[in-house]
Amino acid sequence: MSKSRARVATEISVVAVLVVLVAGVLFRTGLPPTTLSTSDGFTWLADRMRGEVVQVNPAIGEQENRLKVAPANNTIEVAQRADGLLVVTDLTTGTVTVIDGGTLATGGRWFGSGQSAIEVLLNSDGLYVVDRPRGTIQRLETLTARPIGPPWAAGGNIVDTALDGSGKLWALRGDGQLSVLSWSEGSGELADAAPAKRIDGAGPRSLLVSHDSGVTVIAPEAGVASRVGTGDDTIVETVSVPGKIEPAKQAPSDLVPVSVVDSGTVLLFHRGEVIQVDVGKLGCRKPSAPVVHRNRVYVACAGARKVVVLGRDGKHRPPDITMPAGDPELLVDDGKLFIHAPGGDTGFVVNENGRVTRTETHDETQPPTNPDNRPPPVVPTTKPPRQDRPQTGAPAPGGPGVPAPAPGTTSTPSAAPPPSGGTSPLPPPPPIPAGPKVPGAPTGVGISALFEYGTTLRVEAQWAAPADNGSPINGFALQLTTDRGYSQGFSLAALRSGPIEIPCGSRCHGMRVQADVRATNANGQGPVGAGAYSHNAPAQAPAAGEAVFTSVSASQAGTSTFYINANFDPPFAWRTFGGTCTLNWTGPMTGSRALSCWATSMNFTLSGGAGTYRFWVQAGTVRSNEISELAYREPADPPTCRGCHIP
């Protein structure tokens, strides 16, 4: 898909030294991702300002593809690997999307905690997502994002994780407990590869740096860097480090750089010693996450549009690299260091031979592609059957579409829905007897989405137990229904359903799921407690300067009517918005028309007087930019002059 035009690359000579890379790929909150080599020579970069990921070809310095993956200004990160897998994480919403690199189509989604609370770990053997507040690590299927096996639970909040070059997964709790895990094909789950150990001085601000084997725990609270699992474990002490730190995500075990953001310094933990570099004197007052590449340390400088280059000894190794605009971010892929700025059009590549070449990172002439609008990749035959079809027998507990029971309990689905696809309401509760009564209505009924793939959505329902009214509660009846014709009942003993897979029809966005829950005791079934969930992205205000309404034209159709042709570029969050979208106008006449939230054009006839009209589109209560257009009426031909002399 390479464009035919050629461009002259700007080259800057730097000293050629040995490339030192870590085979594992780590991708975590707040730090630019480092990826495995891609077999096609192309690399994906995240542009959070535009809500896009951009594929560039460093060989010719040009953009290959653009994908619209999130609303503008959401924090997004990418991970990729040699088989073409692209994983996009929206840290703002907690959504992980897997995209087939060959078809550029969405394969599935996983939903976790938002507000930058999740991390993604990817290597050639597996894909894992870490939900730090929940303290869980879940392996995902790379084609559909479906969970594989049970999540591993840390027993507390996780402050950081890392995946080393040997494939071991490291998890650090807020109390300093460090666990090392590996995937067991036999049991199909993450398991402890060695007993957990307590790291002296580690706490809630501690972070991990990945190595070929093992990790370094950076504990700024105590001013300690502890090397673990490397075969040459050591502890290097320095002074306590206040404020925010950003270490390299991966580095050689004998050269670990850490940026101390607020003090404008970089710490190099090098061969048992710590070297402090005052990069503020080099014009880098706010250093961000450094990268070790070709035995040198590259430090991106926020607010300075530059990347400072240091040697292993901490000495300045100019020339530094200056960006045309924006704050630089660093990424190592396929033996190259990519330097780019979100929202920018141009970046740089430090190649294997040390040359620095310019590369295009945004081409406005190539419109972005929506991966959700492409045919999804083929889903494996293990995909669960559609649950809105008649079933001849009860599926096994924990099988597709049926929640796994809590330990020591059973879960039996109710009868299948009728062939018409209508709902199967729960039977009314029996008369309330004297003495002990049926339970009250469950409270706090809620539904949360776990992941989406193809046209299937996995959800989980939960609730709080009501008063038992004198007789112990012995179970709950859950009824799930959707506005797409799905209805299914479940008998449960726990206060949550476990995962349930629901068919969406043609698309999952905008689907509404209803949960009705009743508690049961020896006297019967109590009243219903209800909750609902709508699966769609909320409409968000466009980014500053973003033109949602792109053009409009008006031409006369009749004496007081005009043909209107309007064109739009709806933001990602509007395309999946489940509410109402409208085209509005004011002027000589005022009015509006409903339109699809993902529509890109609309033609209609406007009845009203001539004059200037102001047009805009709206998703829910969120307005786009306005465009003014003159609706001009041609003057009528003068009446025929009877008896006039015509020369």
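Colleague: What does Arg81 form a salt bridge with?
Modeller: Asp83, and the closest N and O atoms are 2.9 Å apart in this predicted model. A salt bridge here is a side-chain nitrogen of Lys or Arg within 4 Å of a carboxyl oxygen of Asp or Glu.

Colleague: Buried or exposed, what's Arg81?
Modeller: Arg81 is buried, with a relative accessible area of 9%, while Asp83 counts as exposed at 54%. Buried means under 20% relative accessible area, exposed over 50%, and partly exposed in between (1.4 Å probe, protein chains only).

Colleague: How many salt bridges does a search of the whole structure find?
Modeller: The search finds 25.

Colleague: Which residues are linked with Asp47 in a network?
Modeller: Arg50 and Asp345 are linked with Asp47 in a network of salt bridges. Between Asp47 and Arg50, the closest N and O atoms are 2.5 Å apart. Asp47 is buried at 4% relative accessible area, and Arg50 is buried at 19%.

Colleague: And what does Arg614 meet in a salt bridge?
Modeller: The side chain of Glu626, at 2.7 Å from N to O. Arg614 sits in strand E47 (residues 611–619), and Glu626 is in the loop between strands E48 (622–623) and E49 (627–631). Arg614 is partly exposed at 35% relative accessible area. Strands (E, at least two residues) and helices (H or I, at least four) are DSSP runs, numbered from the N terminus.

Colleague: New topic: why is strand E11 largely enclosed by the rest of the structure?
Modeller: Because four of the five residues of E11 (residues 136–140) are buried.

Colleague: Which strands does it pair with, then?
Modeller: E11 pairs with E10 (residues 127–131) in the antiparallel sense over five bridges, and with E12 (residues 147–153), also antiparallel, over four. Two strands pair if DSSP finds at least two bridges between them. Arg139 in E11 is the bridge partner of Tyr128, and in E12 the partner of Arg139 is Ile148.

Colleague: What about the turn between E11 and E12?
Modeller: That hairpin has six residues between its strands, and Ala145 in the turn has a positive phi of about 65°.

Colleague: What's the average pLDDT of the chain?
Modeller: It averages 80, and 80% of the residues score at least 70. pLDDT is the predictor's confidence in each residue, from 0 to 100. Over residues 1–39 it stays under 50, and over residues 380–424 it is below 50. Where pLDDT is low, the predicted coordinates should not be read in detail.

Methods:
Residues numbered from 1 in each chain as written. Heavy atoms only, no water. Contact = heavy atoms within 4.5 Å.
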